[in-house]
Amino acid sequence: MEDRTAEQLAQDYSAMGHSIALITDIIAGDSMADEEAADRQDCVDRNVQHLELMKAKTDWGSEDMTATDSAISAGKGYTAS
């Protein structure tokens, strides 16, 4: 697999930020609050999976993954009710 370009890295890192924000907002009740619990859970699970896949890529440079790790942990601990 070829390394991503700087532009691709930036786009992927930005997309990860969107997943982090969505996970955080759903857990806080600020997003999808009117949706069914199963839909909220599915959204969190999909975004956690996305973060795990992206973080596992080996061509990251000095990007800070602290927020990614926190969102993955929070998402894995989340149970919609």
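Here are legends for a few close-up views of this predicted model.

Local features need pLDDT of at least 70 and side-chain atom pairs pLDDT 80 or more, while totals for chains, interfaces and linings use all residues. Residues count from 1 along each chain as its sequence is written, and side-chain values use heavy atoms, with hydrogens and water left out.

View 1. You get 3 helices and 0 strands (DSSP runs: H or I of at least four residues for helices, E of at least two for strands, numbered from the N terminus). The C-alpha atoms fill a box of roughly 40 × 20 × 20 Å along the principal axes.

**View 2. Helix 1 (residues 6–28) against helix 2 (residues 37–55).** Their axes come within 9 Å and cross at roughly 150° (lines fitted to C-alpha atoms over the stretch in contact, angles from 0 to 180 degrees between N-to-C directions). That makes helix 1 roughly antiparallel to helix 2 (over 145 degrees). On the helix 1 side, the residues that meet helix 2 include Met16, Ile20 and Ile23; helix 2 brings, among them, Val44, Val48 and Leu51 (contact: heavy atoms within 4.5 Å).

**View 3. The largest nonpolar core, with 16 residues.** Such a core is a set of buried Ala, Val, Leu, Ile, Met, Phe, Trp, Tyr and Cys residues joined through side-chain atoms within 4.5 Å, where buried means under 20% relative accessible area with a 1.4 Å probe, protein chains only. Met16, Ile23, Val44, Leu51 and Trp60 have the most contacts inside it.

**View 4. Trp60 and its contacts.** Leaving aside neighbours within four places in sequence, Trp60 touches Arg4, Leu9, Asp12, Tyr13, Met16, Met54, Lys55 and Met65.

Note on methods. Parallel < 35°, antiparallel > 145°, perpendicular 65-115°, else oblique. Buried < 20%, exposed > 50% of the residue type's maximum accessible area, 1.4 Å probe, protein only.
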